[in-house]
Structure formats: structure tokens, C-alpha cells
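Subject: A structure for you to look at

Hi there,

Here is the structure I promised to pass on. Have a look at it first, and then read on for my notes.

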Amino acid sequence: MLTLESNSPEETENIGSEFAKKLPDRPVIIALYGDLAAGKTTFVRGFARAFNLASDVTSPTFCLLNEYEGEKNLYHFDLYRICDWYGLLSTGFFDLVGTETMIIEWSENICEYLPREAIKVKLEKDFSSENKRIITISDYN
Ligand SMILES: Nc1ncnc2c1ncn2[C@@H]1O[C@H](COP(=O)(O)OP(=O)(O)OP(=O)(O)O)[C@@H](O)[C@H]1O
Ligand SMILES: [Mg+2]
């Protein structure tokens, strides 16, 4: 387990980018945990940058899935409104597992259906300072 501290959105983006660069060269599932405005989408923005998928990573609030196409594709889920297996099934989630790299906001909502190999990244606000976040990354191979 790795615990990091971020003190700005830029730092969170950089942590996302550095994390992405260290991943094995195969499809992986990244399960993000953290409350509203914890910095999940910010982390994804940096992550996508490392994939050379530059610009418009947005919080897919009204959209459950954003697909960014590049050398390697990235599937960005926001499961804020999903709370059961049928809802998750309807997003196409299970069709992508094992073949695509997926990064998932609000993993809390579907934790029982997450593949065991998912890498967990938790982002937490730290109330000692408005811009501080604690980012914890689970072990993976
Ligand atoms: N250290 C930090 N890391 C990330 N974001 C920060 C940090 N400090 C302040 N912020 C602010 O917190 C907000 C994080 O927004 P972001 O969309 O990334 O959160 P989120 O976890 O995706 O939220 P949601 O659950 O609504 O999707 C932004 O407004 C950003 O400017
Ligand atoms: Mg978000």
C-alpha cells in the first residue's frame, strides 16, 4: 500500500499520471473511492494524460461512461447513480472487464461486483486544509 499527499489539483493530476506510467502493460481496472469533490476526476485527468489522451476528461455526471480513444483506449465510468447489478450490467461494464483499461468513480456503489484484480485508489479530503487530499493506492502486481 502506498499513501501520498496532494496539496493541489495539479498535484493530484500528477499523481494520477505517474501512477498510470507504472502500470503493467495490460488492461487493468482502477477502482476509485472517495466522496464528492475528493478529486477522482482530477486523478483521471492525469491518468489519461499518461495515456496521451489529452484534453477533455470531465466528470461524466450525466453520463455513466466516457470513452477516450488513443493508442490505448480508456474507459472512464462514473457510477454515482448505479447501485445494483442490473444497473451496472446496463453500462456495458462486464463486456470490458479483462480486455480494456477501466477507471471507475464511485466504486463504493458496486464494490461487490468489482473484479478481484482491481487496483484500489482512495482519495480523501483532509480537513486540516482545503486543498489537501490523502491518496492511498492498494498493492498490485
Ligand atoms: N489536492 C486536490 N486534488 C484534487 N482536487 C482538489 C485538490 N484541492 C482542491 N481540489 C478541488 O476539488 C475539486 C475536485 O473535483 P473532482 O471533479 O476531481 O472531484 P470528484 O471526486 O471527481 O467529484 P465527483 O464525486 O463530483 O465526481 C475541484 O474543484 C478541485 O479544484
Ligand atoms: Mg468526478
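Which hand does the crossing of α1 and α2 have? It is right-handed. Please keep in mind throughout that this is a predicted model.

Let me start with the helix pair. Two packed helices are described by the angle between their axes and the distance between the axes. For α1 and α2 the angle is about 45 degrees, and the axes lie 7 Å apart. That angle is why α1 counts as oblique to α2. On the α1 side, the contact is made by P9, T12, E13, N14, I15, G16, S17, F19, A20 and K21. On the α2 side, T42, F43, R45, G46, F47, R49 and A50 take part. Sorted by class, this contact of α1 with α2 has seven nonpolar, six polar and four charged residues.

Now α1 by itself. This helix covers residues 9–21, 13 residues in total, and spans 19 Å from its first C-alpha to its last. That is close to the 18 Å expected at 1.5 Å a residue. Its buried residues are T12, E13, I15, G16, S17, F19 and A20.

L53 sits between α2 and β3 (65–68), and it is buried because its relative accessible area is 6%, under the 20% cut-off. Leaving aside residues up to four places away in sequence, L53 touches A48, Y68, E69, G70, K72 and L74. Its C-alpha is separated by 22 Å from that of S8, a residue 45 places away along the chain.

Most residues other than glycine have a negative phi. A37, however, has a positive phi near 65 degrees, and W106, also not a glycine, has a positive phi of about 65 degrees. A37 is in the loop between β2 and α2, whereas W106 is in the loop between β5 (101–105) and β6. Are these two residues buried or exposed? A37 counts as exposed, because its relative accessibility is 54%. W106 counts as buried, because its relative accessibility is 12%.

Happy browsing, and do write back with any questions!

Best wishes

Technical notes
Residues numbered from 1 in each chain as written. Chains lettered and ligands numbered in written order. Predicted model: local features only at pLDDT ≥ 70, side-chain atom pairs only at ≥ 80, totals over all residues. Heavy atoms only, no water. Helix = DSSP H or I, 4+ residues; strand = E, 2+ residues; numbered from the N terminus. Expected span 1.5 Å × (residues − 1). Buried < 20%, exposed > 50% of the residue type's maximum accessible area, 1.4 Å probe, protein only. Axes fitted to C-alpha atoms, helices over the stretch in contact; angles between N-to-C directions. Parallel < 35°, antiparallel > 145°, perpendicular 65-115°, else oblique. Left-handed = near helix turned anticlockwise from the far one by under 90°. Contact = heavy atoms within 4.5 Å. Nonpolar A, V, L, I, M, F, W, Y, C, P; charged D, E, K, R; others polar.
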